[in-house]
Amino acid sequence: MGAGHDHGASGGAVTSDFRVRLGIAFGLTATMVVAQAVGSVLTGSLALLTDTAHALADAAGLLVALIAATLVLRPPTSKRTWGFRRIEVIAALGQATLLLGVGVYAAIEGVRRLFEPPDIPASELVVFGIIGLVMNVVSIVVLASSRGANFNMRAAFLEVLNDALGSLGVIVAAIVIATTGFQQADAIAGLFIAALIAPRAFLLMKETTAVLMEFTPSGLDLDDVRRHILELEHVQDVHDLHASTVATGLPTISAHVVVDDGCFSDGHAAEVLEDVQRCVEEHFSVAVPHSTFQIETAQIRERESSAVRHP
């Protein structure tokens, strides 16, 4: 006897409002990329070049996020039972990979320029830094209220936030160069931007990889889940217990639950199934409304084990 249980499987779905916000942020970031690219050519600044590359990665990430936000709304089908829900995770992983590449380049070039600093025109540099900062601040305001909606929106928000800090670093470097003539300030700002990028990229890669590898959802202790199920009346054993995350707000769990032999004849099997489903949905800090449990007797369990040992 087995059953699936699904309440609120649409949690975390991206609405059209998110797509509008992503579209605005992408337009602003793409415009900024063009402006900063021109500025990096005119000034030769590493900080501005790094910030431009960072913004380019952000723009690409926002475009992917926008596409993902559109695909994720497509309904499930018999061939795609989860629809495109997981595409937001793949998109976030792609953004993290892009950012990591930018961070590595900025670190290597920044160290080189500490020893061979080029002459940087501070006045032009500060103008392009301000342009980047203003556009990033507008993007932050646009995305702020939706930043916790899913992996995609979180990645998009963190991208423009860190890019704003990068633009601020460009402005500070320009001011230092203008007032002191310390040309290495540009390389230091580039290294600062790289330091902003790398930890965020690693964290996002870790979280999205955990989802793709179907690790247990963060905050859900399967040993605790097993103990609580075993405490239910008529339950003898729990095996093949698995939990994973399909997408933001959609954890799932499945298991085989061994019950007393008489449960299928006295009607208790259905009660046990209902109790187990209610347990995982209501008892733990991470609620799992989508669950699939196979209810079986010890005799059935023994037949399954024998079939595995003697195929």
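Biologist: In which helix does Ala-35 lie?

Modeller: Ala-35 lies in helix α1, residues 16-43. Helices (H or I, at least four residues) and strands (E, at least two) are DSSP runs numbered from the N terminus. The model is predicted, so local features need pLDDT of at least 70 and side-chain atom pairs count only at pLDDT 80 or more, while totals for chains, interfaces and linings use all residues. Residues are numbered from 1 along each chain as its sequence is written, and side-chain values use heavy atoms, with hydrogens and water left out.

Biologist: Which residues does Ala-35 touch, not counting residues up to four places away in sequence?

Modeller: A contact means heavy atoms within 4.5 Å. On that basis, Ala-35 touches Phe-128 and Ile-131. Ala-35 and Gly-129 are 94 residues apart in sequence, yet their C-alpha atoms are 9.9 Å apart in space. Across the protein chain, 76% of the contacts between residues at least 6 apart in sequence join residues at least 24 apart.

Biologist: How many residues does helix α4 have, and which of its residues are buried?

Modeller: The expected span of a helix is 1.5 Å times one less than its number of residues. Helix α4 (residues 122-144) has 23 residues and reaches 32 Å from first to last C-alpha, close to the expected 33 Å. Buried means under 20% relative accessible area, exposed over 50%, and partly exposed in between (1.4 Å probe, protein chains only). The buried residues of α4 include Phe-128, Gly-129 and Gly-132. In the protein chain, buried residues make up 45% of the 311 residues.

Biologist: At what angle do helices α2 and α3 pack?

Modeller: Axes are lines fitted to C-alpha atoms, for helices over the stretch in contact, and angles run from 0 to 180 degrees between N-to-C directions. Angles under 35 degrees count as roughly parallel, over 145 as roughly antiparallel, 65 to 115 as roughly perpendicular and the rest as oblique. Helix α2 (residues 46-71) and helix α3 (residues 87-115) pack at about 175°, with axes 9 Å apart. The two helices are therefore roughly antiparallel to each other.

Biologist: Is Arg-113 buried or exposed?

Modeller: Arg-113, found in helix α3, is buried, with a relative accessible area of 12%. Its side chain reaches the backbone oxygen of Gly-44 at 2.9 Å. Among the residues that Arg-113 touches are Ser-45, Pro-118 and Asp-186.

Methods:
A polar contact is a pair of N or O atoms within 3.5 Å; within protein, one must be able to donate a hydrogen and the other to accept it, and residues adjacent in sequence count only if both atoms are side-chain atoms.
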